[in-house]
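Q: Could we go through this model together, beginning with the way its strands pair?

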2 protein chains.
Amino acid sequence: MILEKKKAFNSFAAEKGLRSTRQRDIILDIFLSTHQHISVEELYLKIKSSNPGIGHATVYRTLKLFAESGLAREIHLHDGQTRYEHAMEGEHHDHLVCTGCDTIIEFEDETIEKLQREIASRHGFKINNHKMEIYGLCSDCRK
Amino acid sequence: MILEKKKAFNSFAAEKGLRSTRQRDIILDIFLSTHQHISVEELYLKIKSSNPGIGHATVYRTLKLFAESGLAREIHLHDGQTRYEHAMEGEHHDHLVCTGCDTIIEFEDETIEKLQREIASRHGFKINNHKMEIYGLCSDCRK
DNA sequence: TTTGTATTGAAAATGAATATCAAAAGCATA
DNA sequence: TATGCTTTTGATATTCATTTTCAATACAAA
């Protein structure tokens, strides 16, 4: 699966005429090895620890490329940091965010997606993307 | 209705032991006179034009207070600016955002809200808040 | 008034993200 | 393999929204 994703990114890169570089390979490997919702800073530190030479800007640039290629998706929660999650074709993750402990739980609900499409078409919109976040307290934090 | 909101904010302020100041009155008046989704900068400029003395920081601070009091709600679209909308008890606005012309259309859907509550309770969450934005192209921009 | 504290505004600081630009690296071609 | 052109990189500076700092000011209770 990771291999497929690498291939997918490589063909995206080839199509765009991008060169293949050591840095992009490393960032891709490490990004693919992470869990969901990693912030740029977190990823940067992770990369730094094994590859001290790689710069801040490169990580930002490369993650934008991943998003463009469809490999990753940007998410903006309420703390002013951009995070990236692994994106797969046609797959959508919505989020339950605990404001107590910052736990993020993913969910999908086909009925909601369907209703979104209905609402959009009722207003003449063509959906590209959507995001939905529910903020609250998880059972642990309510205690 | 505007009067009620002012009263509501004043009792919130009283409860918190906040003082009543000329600046907060002015900012409240002007905020209440605006339409939905005003950015801090836009509001600041509007305020500045009639009250040149009022500072940037005060506008930021006061809007945070409004949000805390329940009078306003923060919204974060994807351009790095915080906007505020008028919030009313129990009322929720979700948004259809046109990425072509930045038009924002509000909608509400009780079925979606119900499904959200179900999902949350299934995960043991108590909802405080939610946001949902659908990004796409409106009929004009698709032409 | 007087006094204690909250609030303000100007300016500085922060922090995320982007731009700049010279040096380095990739890649096609000779 | 060497050459030359172009992309990419990384250090640094910059931008922009927002927050902090702090001395001066305003509020409200006594």
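A: Two strands count as paired if DSSP finds at least two bridges between them. The model is a predicted one. Strand β6 of chain A (residues 126-137) is joined to β6(B) by eleven bridges, and the two run antiparallel.

Q: Which residue of β6(B) does A:K126 stand opposite?
A: A:K126 faces B:L137 there.

Q: How much area do chain B and chain A bury between them?
A: About 3100 Å², with 69% of it on carbon and sulfur atoms. B:I119, B:F125 and B:K131 supply 21% of the area that chain B buries against chain A, more than any other three residues.

Q: How many salt bridges does the rule find across that interface?
A: Two. B:E133 forms a salt bridge with A:K131, and their closest N and O atoms are 3.9 Å apart. The interface also has twelve residue pairs in polar contact.

Q: Which element gives the most to the side of chain B that touches chain A?
A: β6(B), with twelve residues. That side of chain B comprises 16 nonpolar, twelve polar and five charged residues.

Q: What lies 2.5 Å from a phosphate oxygen of DNA strand C?
A: A polar side-chain atom of B:T58. As for the bases, an N or O atom in the side chain of A:R19 is 2.9 Å from a base nitrogen of DNA strand C.

Conventions: Residues numbered from 1 in each chain as written. Chains lettered and ligands numbered in written order. Predicted model: local features only at pLDDT ≥ 70, side-chain atom pairs only at ≥ 80, totals over all residues. Heavy atoms only, no water. Polar contact = N/O pair within 3.5 Å; in protein donor to acceptor, adjacent residues only side chain to side chain. Buried area = accessible area lost by both parts, 1.4 Å probe. Salt bridge = Lys/Arg side-chain N within 4 Å of Asp/Glu carboxyl O. Helix = DSSP H or I, 4+ residues; strand = E, 2+ residues; numbered from the N terminus. Nonpolar A, V, L, I, M, F, W, Y, C, P; charged D, E, K, R; others polar.
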